[in-house]
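Reader: I am new to reading protein structures. Could you walk me through one, feature by feature?

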Protein chains: 2
Amino acid sequence: MLNSDRNRMKLNSDKWFSEVYPDDGCALSLELSEKLYEEQTPWQKLEVYQTTKFGNLMLLDGCVMLTGRDNFIYHEMMTHPALCMHSAPKKVLIIGGGDCGCLREVLKHPIVKNVHQVDLDERVTWASEKYFPELCESNNDPRAILSFTDGVVFIEQAAGNSYDVIIVDSVDPVGQAARLYSEEFYRACYSSLSENGILVAQSESPLFHRDLIKSMQTRMADAGFNDVTTLFFPQCTYPSGWWSASMAFKGSKPLNYRTVDFNTEYYNNDIHLAAQAVPQFLR
Amino acid sequence: MLNSDRNRMKLNSDKWFSEVYPDDGCALSLELSEKLYEEQTPWQKLEVYQTTKFGNLMLLDGCVMLTGRDNFIYHEMMTHPALCMHSAPKKVLIIGGGDCGCLREVLKHPIVKNVHQVDLDERVTWASEKYFPELCESNNDPRAILSFTDGVVFIEQAAGNSYDVIIVDSVDPVGQAARLYSEEFYRACYSSLSENGILVAQSESPLFHRDLIKSMQTRMADAGFNDVTTLFFPQCTYPSGWWSASMAFKGSKPLNYRTVDFNTEYYNNDIHLAAQAVPQFLR
């Protein structure tokens, strides 16, 4: 057992990266072994570190974007539940997702014909290819198209009936990214989805951001979606260690879902259903 | 967005308590507003702080025992699933659990006739009554007995058929508490349980302590239990933010469970089933 004084001293060294969540009076720290990269891109400060126990770590503007150790849960839960609930998810759009982890998971589904990934910042994908090559192993899949442009403008200009599933893998609703959480944006997604299309968007922490989850659900419904469901899952290196993704259905919420026939680390049939259980305080 | 340098500075002040998880290269910090209490009990160092966003915080030997904000998930998941799966949980034993949070949840079940809480350290209960009075609101329930003695010795001396449900709400498997994770201890629990008795024990983080969960399941089976199930749930202020409790069934694992008819904050029928879904990497 460590006493708190010893702990405080340890965090005071250059060996630790800490992300403070000021609105919730807590912080997560990761022990670093080496700084691998730093760049001020046109959009944000991008840093990559090697950690002692979490594999490589990517920061954007000082916030944990992903670690090698625990990103599998997030990327699997952002993709497989929605793709498995759509009867034929042939055309998929990813807005954000520059680390390519969602792209890799989507391309595991043989039924997918093409995936368009639209992220603002090309440098994130460059850094992911260099420091998280396992996430980028499908970037050269002929079904994948990578564009680097503004996702909001992109979706507003998209034709109707363009996509079966849209995945919004964005950073927190702060600054530029706040537009990705607006009713207007959801309305544009609705228009570009095919008849029984599904939208899935990361929706922050159930413990810390309950109001955001509720307002996202309301905005999705107001944008015309027929039904909304939130998925809950652990995510160690995001605020509170507990995360969510909210799904919106253009048609009825499907009762059935396909079973995946490829390897996953977190997702399976039982998790598909379990992730939809709503804790009492969120009802 | 905060940059990492600013974050580091913040954690370097006296305003933060940090718990380092050295084996996993990470740490959780909570922002403090005031120190409320400190004592070296005969067993451990006990500290209580007021935090800015997590209510009161109790530390034992520098490790987070509970916070006012998020203990509800742990206490509900340590009690309601097991109690709801037993057809008639009249006699309940809690080993550890000195903060009385499990005791309060158990006593919400009208079917319970008596609960015996056995914790080594009376000072934990004293501090909980003073600084977490909401957890201790049922301590004077006539069905409750509080004893302060060694739980391992207690269970070894218990008569057979004494309890319908045994809840092991212990600290991490380090030092004295390691005995609460042994096959010998589970064997003693088995003996003191009634015919279809259920044992439930906290079993640490699925992400960090996968080997412990597996070995607990093995030891429970080796001790004679007929079936074993692990429950998974978020727990923000414990290592990795993701926690588990392992249940062992003396008889067959019940297929049905009772619905609770009292207020809960996390637990409900959907969560009861969802918590049993096993992530792919733990299969």
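Reader: Let us start where the two chains meet. How many residues does the contact take from chain A and from chain B?

Author: This is a predicted model, so read every value as computed from that model. The size of an interface is often given as the accessible area lost when the parts come together. Here we count residues instead: the contact takes 51 from chain A and 51 from chain B. On the side of chain A that touches chain B, the elements giving two or more residues are helix H1 (4-11), strands E1 (16-21), E2 (26-40) and E3 (45-51), and helix H8 (269-274) of chain A.

Reader: Which of these elements gives the most to the side of chain A that touches chain B?

Author: That is E2(A), with 6 residues.

Reader: What joins E2(A) to strand E2 of chain B?

Author: Look for bridges between the strands. E2(A) and strand E2 (residues 26-40) of chain B are joined by 5 bridges, and the two strands run antiparallel. For one place to look, find A:Cys26, which stands opposite B:Leu30 in E2(B).

Reader: Now I would like to look inside one chain. How is chain A divided by its domain assignment?

Author: The assignment gives domain 1 (4-67) and domain 2 (71-282). Taken over C-alpha atoms, the centres of domain 1 and domain 2 of chain A are separated by 25 Å. Where they touch, 20 residues of domain 1 of chain A are in contact with 16 residues of domain 2 of chain A.

Reader: Which strand supplies the largest share of the domain 1 side of that contact in chain A?

Author: E5(A) does, with 5 residues. On this side of domain 1 of chain A, which touches domain 2 of chain A, 14 residues are nonpolar, 4 polar and 2 charged.

Reader: And how do I read a sheet? What is the strand order in the open sheet of 7 strands in chain A?

Author: In chain A the order is E8-E7-E6-E9-E10-E12-E11, with mixed pairing. The edge strands are E8 (144-148) and E11 (227-234) of chain A, each of which pairs on one side only. Direction ignored, neighbouring strands of this sheet are turned by 15° against each other on average.

Within the sheet, strand E10 (residues 193-202) and strand E12 (residues 242-249) of chain A pair in the antiparallel sense over 5 bridges. A:Ala201 stands opposite A:Ser246 in E12(A). Helix H7 (residues 210-222) of chain A lies across E10, E11 and E12 of chain A, running at about 10° to E12(A).

Reader: Let me try chain B. Why is strand E12 of chain B described as largely enclosed by the rest of the structure?

Author: Because 8 of the 8 residues of E12(B) (residues 242-249) are buried.

Reader: Which way do the residues of E12(B) point?

Author: In a regular strand the side chains alternate between the two faces of the sheet. In E12(B), B:Trp242, B:Ser244, B:Ser246 and B:Ala248 point one way, while B:Trp243, B:Ala245, B:Met247 and B:Phe249 point the other way, and all are buried.

Reader: Which strands are joined to E12(B) by bridges?

Author: Strand E10 (residues 193-202) of chain B is joined to E12(B) by 5 bridges, running antiparallel. Strand E11 (residues 227-234) of chain B is joined to E12(B) by 8 bridges, also antiparallel. Find B:Ser246: this residue is the bridge partner of B:Ala201, and B:Thr230 stands opposite B:Ser246 as well.

Definitions and conventions: Residues numbered from 1 in each chain as written. Chains lettered and ligands numbered in written order. Predicted model: local features only at pLDDT ≥ 70, side-chain atom pairs only at ≥ 80, totals over all residues. Contact = placed C-beta atoms within 7 Å. Helix = DSSP H or I, 4+ residues; strand = E, 2+ residues; numbered from the N terminus. Pairing = 2+ DSSP bridges. Buried ≥ 20, exposed ≤ 12 C-beta atoms within 10 Å, placed from the backbone. Domains from an automatic or database assignment. Nonpolar A, V, L, I, M, F, W, Y, C, P; charged D, E, K, R; others polar. Axes fitted to C-alpha atoms, helices over the stretch in contact; angles between N-to-C directions.
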